[in-house]
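Please examine the overall fold of the protein chain below, together with a few local features of its backbone.

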Amino acid sequence: MNYRFNIQYYADNTHKYTSELDNEDFSVDLKEDGGIITLTLNPKRPVSFSTFQMYFDNKFSPTEKLFTNGYQSWTVTKEYSPDGMMDEFNPRILGMQKKNFNVIGIFGSGDLLFHRYPEEHGVFYGYSYAYIRNGGNIRLYGSLSERVGYTIITFDSNQSIISIEKDLEGVTFTEEKELLSLAVIEDGYDAAFDRYFELMNIAKPTAKRACGYTTWYNYYTKVTEDIVYRDLEAISKLEHRLDIFQIDDGYERAVGDWLVYDKKKFPNGMKKPVELIHQHGMKAGIWLAPFAVTPKSYIYKEHKDWIVCDDRGRRRITSHNWGGFYTLDIYNEEVRSYLRQVFDTVFNEWGYDMVKLDFLYACCLISIHGKSRGEIMCDAIDFLRECCGDHIILGCGTPLHPAFGKFEYCRVGADVGLCWENKAYAREDVSTQHTLTNTMYRRHLDGRAWLNDPDVFLLRDANIKMPLEKREIIARINSLFGNLLFVSDDVSTYTEKQMKIFIDTISRPKAKILSVEADEKKNVLIKYELDGESAEYGFNIVSGETV
């Protein structure tokens, strides 16, 4: 393979450019062994990189499909045709320059603050792994570790090249370091991903397929103790028992103050619901955004020194949720002590069995303490696993590769909307179409990295803006592809038809997906095996009509 390099770096306070792997400032050893490409840096003096890109020629066939993995859980992820376009933005967003994106806005949850979005046909990029598919076979390019920095893989069919770039912003290298370990695997779809996870030494998850309830997609932050008890009572009367009952955002006084619950909403505290949930034979789950704090929180007011700051010492708003929130510095020992206390209380005092950990991307929006975003994210996930011990983690809003093998369940798509129409402005925004797309195209992670959470299905009539036929499509896709099936409905309001769909959805065994094919009109055809029989299911991702 004829590899070429585009390297821009700083050494001796000078910005330099090179396309060579050996110069007066550093050398890079390139090795290929058994389909694994390794790049090892040997600095001759302190060096930091603004661009480290390896690229090589590749002729793309018009019949191939190109898959690129989105930045985090919510980011749109799918296959493209080589002449297609990454067009997941609202058209009003395209054409804006990077400098116009505001971290306080909806773009804080994505990568647009440090990576340019392609606004042309034929260019597709993603993180950590990607593949080119020809029928049932793929050529998979997969990073074996993101600890030194994220790996950004770009397919450019216009220039007929594949680019492998490392996000090394914020790091100064002074000693030997492996910059890249990339597996290139050609095989059938499932066999290639089996081999990829084998090379990363990630054991298959031991968690089981589960069904449950979450308060979020009906009551949002208006959840109360009375609502919890009412819906819990309704669920307890079902013939088919659910596995998990989760209390989502809204119980806390303010985001960040996880041990200070809202006494008006939950006058009996957060332990009492657990006792009732357990009495009904279900595991109790609770939502946390462990790295997020809002200006209203006690934590922010009393510990501003715990907040991530940029290189000018300014505290950085991370994203727009809850009116804007800040991020805790995971390397601050007082922060780590506080979060250990939070998890100890949640598990050992309140008695919860599972935590849904959300907005995890926040900890690595900017590089801090001389570490890259990828290293920060890896360290953060490791710390969360340590804090939670053997308790169940449902991850969400997280860059995926650092979490491989660390969570029992993980969200693989955006939040589902209350309507079918796509009203998203950003690639991470709420969108039913986007989350269904991700559920189908990230199916290879299920049973390898964790068990996939496709997000909820909703069957109720109240507080919903799509006909039952479309709600049923969401339920069908979740059941076929996902292994964590959550609902947010008061099931006591179900009609006989809704109850039948509900029971069918949660009792149906996991399907073996054989293929997913989408045409130019956005019609999707799914071929699968269920209970030993072959079947097909088709629908249009834009209209929400079955085909």
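The report that follows moves from the whole chain to single residues.

## Overall architecture

The model is predicted. In the protein chain there are 26 strands and 10 helices. The C-alpha trace spans about 70 × 60 × 45 Å along its principal axes.

The radius of gyration of the protein chain is 23 Å. A compact globule of 547 residues would have a value near 24 Å, so the chain agrees with that expectation.

## Burial, contacts and surface

Of the 547 residues in the protein chain, 62% are buried. Contacts were also examined by sequence separation: among those between residues at least 6 apart in sequence, 68% join residues at least 24 apart.

The accessible surface of the protein chain amounts to about 22000 Å². Carbon and sulfur atoms account for 45% of that surface.

## Charged side chains

The protein chain carries 81 negative and 65 positive side chains. The centres of these two sets lie 3 Å apart.

## The pairing of β15 and β16

Strand β16 covers residues 283–288, and five of its six residues are buried; the strand is thus mostly covered. Its partner considered here is strand β15, residues 244–247. The two strands run parallel and are joined by four bridges.

Within this pairing, F245 stands opposite A284 of β16. As a general point, side chains in a regular strand alternate between the two faces of the sheet.

## Residues with positive phi

Most residues other than glycine have a negative phi.

S128 is not a glycine, yet its phi is positive, at about 75°. The residue lies in the loop between β8 (123–127) and β9 (129–134). Is S128 buried or exposed? Its relative accessibility is 4%, and because buried means under 20%, S128 counts as buried.

W322, likewise a residue other than glycine, has a positive phi near 60°. Its position is in the loop between α5 (298–302) and β18 (326–327). W322 has a relative accessible area of 29%. Since the partly exposed class lies between the buried limit of 20% and the exposed limit of 50%, W322 is partly exposed.

## Summary

In this predicted model, the radius of gyration of the chain agrees with that of a compact globule, and buried residues make up 62% of the chain. At the local level, β15 and β16 pair in parallel, while positive phi values occur at S128 and at W322.

Notes: Residues are numbered from 1 along each chain as its sequence is written. This is a predicted model: local features need pLDDT of at least 70, side-chain atom pairs count only at pLDDT 80 or more; totals for chains, interfaces and linings use all residues. Side-chain values use heavy atoms; hydrogens and water are left out. The radius of gyration is taken over C-alpha atoms; the globule rule is 2.2 Å times the number of residues to the power 0.38. Buried means under 20% relative accessible area, exposed over 50%, partly exposed in between (1.4 Å probe, protein chains only). Contact means heavy atoms within 4.5 Å. Accessible areas come from the Shrake-Rupley method with a 1.4 Å probe; for residues, only the protein chains shown count as cover. Lys and Arg count as positive and Asp and Glu as negative; His and the chain ends are not counted. The place of a charge is taken as NZ of Lys, CZ of Arg, CG of Asp or CD of Glu. Two strands pair if DSSP finds at least two bridges between them.
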